[in-house]
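Let's take a walk through the pockets, the sheet and the cavities of this protein.

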Amino acid sequence: MPIDQTQEWQALQSHHRTVRDLRMGDLFAGDPERAKRFTLSLGDIRLDYSKNRITEETMTLLRHLAHAADVAGWKERLFAGASVNTSENRPALHTALRQRGGSILVGGKDVIAEIASVRGRMAKFAGAVRDGMWTAHAGTRITDVVHIGIGGSDLGPRMVVEALRPDTAPLRVRFASCLDDAELTSALSGLVPASTLFIVASKSFTTPETLANAILAKNWLLAALREESLVKGHFVALTSKPEMAQRFGVDPANIYPMWDWVGGRYSLWSSIGLPIALALGPEVFDDLLAGAAQMDEHFRTAPLEQNLPATLALLSVWYANFFAAETQIVLTYDWRLRLLPAWLQQAAMESNGKSVDRDGTPVRWATSPVVWGGSGNDGQHAYFQALHQGTHLVPADFLVALTGGPHRRALLANCFAQTEALMRGQDAAEVGPHKAMPGNRPSNAITFERLDAATLGALLAMYEHKTFVEGAIWGIDSFDQWGVELGKVLAARIEPELSPDGRIGIHDSSTASLIETYRRRGR
């Protein structure tokens, strides 16, 4: 039965009509224990979701909806390695990448043992490069690493390295993803070819943007080293197609495998995490995995009433489907987490930006909201204006570490004040219409003692599982991404048409005009 036809969905629709105009300020005034009752914890991660337009009945009805959607069954399938990616008939085993012990069979092979073997190779390699024991040609020590990838092969490791990068480290790690060669040129600025290592991350090793940048990197090395045999020792490949990497010129000993059962946006836990191990140390990468594994176990075993990822997902469904909120914002009050919203955009929107269910039938309900955000303190001087006085309802997540530098108290004061201001608002009768703020704007406050690798791993896994629960309720496949393919196909068709002597195919008048404009003026 479509989820919107269930009794549980219809009960929520009826409930929404009775509570939609409730004021959160009144709910707090009538219940001194509200914050305590709407707070969950795992380790030192604390989720205060009391500043939401909910009652105990709301959460009970949302949990009933989760039962109707068989969230528990889909969760069991996810961890067991069943084919939860229904359109491609494959499992989604990113949780296995951080699992310690046990076994999961895929195609008759124990993937846990295979993962442990690859992780061991990664740790050994990263340690040797960081210690100067692994060298390039002529015994040259590696001082700089440039990671080349795009999408999940870039966003995850880039975000983690930026979040946990120490002030001093034996290696400098930079990233390049964009097809605009200005980014790679910037990444190469000041580097010495003889002491630079390139990581090429592409599951298929056919990703156009990644290969284009890899070729530029290869030519940069060739111009300095002069011999192709020397260039070979400056490349590492992360791919599920080792034969393609070898054809490019990567030494087989420097190829680390990926697997079909790991989607790109979930791949930072796999060999795609090699730049994390290089930049931060293999032991930090292990801590990241351990934190994620702790959240996996919590998500797998905790009842819905105590489950952090499930609670976040239920609140998301509440606003997206019953309040028609089209966006959600993630605000990080920690500069080191400034790339987290970008990672979440892919994790959420590529996973759940779907308009058909698992059977291919068009859905009648909203799926993934638009996820956006950034540094909360900076946002206060920009888009917070729309959050406070705009016409759109935008549920918000605030994330902040409780310990840090000398400005931490001021930062925390700003973070906490914004959640209160969004909830409380400001009455027009007291301040006039231009200064009035309606308030009653929902938010979650996610706090943690400090931003370390284990905490970051747990936070990322929390959002992964939130996305999974949303998809289970909406009845969609959260693990395919066919929507990214059409543009790639058309780009491959258009590129030869941009040549001065290329034959222009059949296009709409706008696209044809753009092609002609480039042929006249571009170079």
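## The second largest pocket

By class, 7 nonpolar, 1 polar and 3 charged residues line the second largest pocket. (Ala, Val, Leu, Ile, Met, Phe, Trp, Tyr, Cys and Pro count as nonpolar, Asp, Glu, Lys and Arg as charged, and the others, Gly among them, as polar.) A quick word on ground rules: this is a predicted model, where local features need pLDDT of at least 70, side-chain atom pairs count only at pLDDT 80 or more, and totals for chains, interfaces and linings use all residues. Residues are numbered from 1 along each chain as its sequence is written, and side-chain values use heavy atoms, with hydrogens and water left out.

The second largest pocket holds about 350 Å³ of space. Here, on a 1 Å grid over the protein atoms alone, a pocket is an open set of points with protein on both sides within 12 Å along at least five of seven lines, while a cavity is a set where a 1.4 Å probe fits but cannot get out; lining residues have an atom within 4 Å of a point. Grid points are joined across faces, edges and corners, and a volume is the space filled by probe spheres set on the points. Among the residues lining this second pocket are L179, P208, E209, G487 and K488. Helix 21 gives the most to that lining, with 5 residues, and helix 9 also supplies at least two. (Helices are DSSP runs of H or I with at least four residues, strands are runs of E with at least two, and both are numbered from the N terminus.)

## The largest pocket

The largest pocket has a volume of about 890 Å³. It is lined by 37 residues, and K203, G264, Q481, E485 and K488 are the closest to its centre. Helix 9 (208-225) and helix 21 (485-494) turn up here too, each with at least two lining residues, as do helix 7 (152-164) and helix 15 (340-352). The class count is 12 nonpolar, 14 polar and 11 charged residues.

Now find the open sheet of 6 strands, in the order 1-2-13-12-10-11 with mixed pairing. At the edges sit strand 1 (39-42) and strand 11 (370-375), each pairing on one side only. (Two strands pair if DSSP finds at least two bridges between them.) Strand 2 (residues 45-48) runs antiparallel to strand 13 (residues 443-448) over 3 bridges, with L47 opposite I446 in strand 13. Helix 20 (residues 453-474) packs on the sheet, touching strand 2, strand 10 (327-332), strand 12 (396-401) and strand 13; contact means heavy atoms within 4.5 Å.

Strand 10 and strand 11 pair in the parallel sense over 6 bridges, and Q328 stands opposite V371 in strand 11.

## The cavities

How many cavities of 30 Å³ or more does the structure hold? There are 4 of them. The largest cavity has about 220 Å³ of space. Of its 21 lining residues, S316, Q328, D397, K466 and E470 are the closest to the centre. Helix 14 (308-322), strand 10, helix 15, strand 12 and helix 20 each give two or more residues to this lining.

The second largest cavity has a volume of about 60 Å³. W74, R358 and F479 are among its lining residues, and helix 20 provides the largest share, 3 residues.

Methods: Axes are lines fitted to C-alpha atoms, for helices over the stretch in contact, and angles run from 0 to 180 degrees between N-to-C directions.
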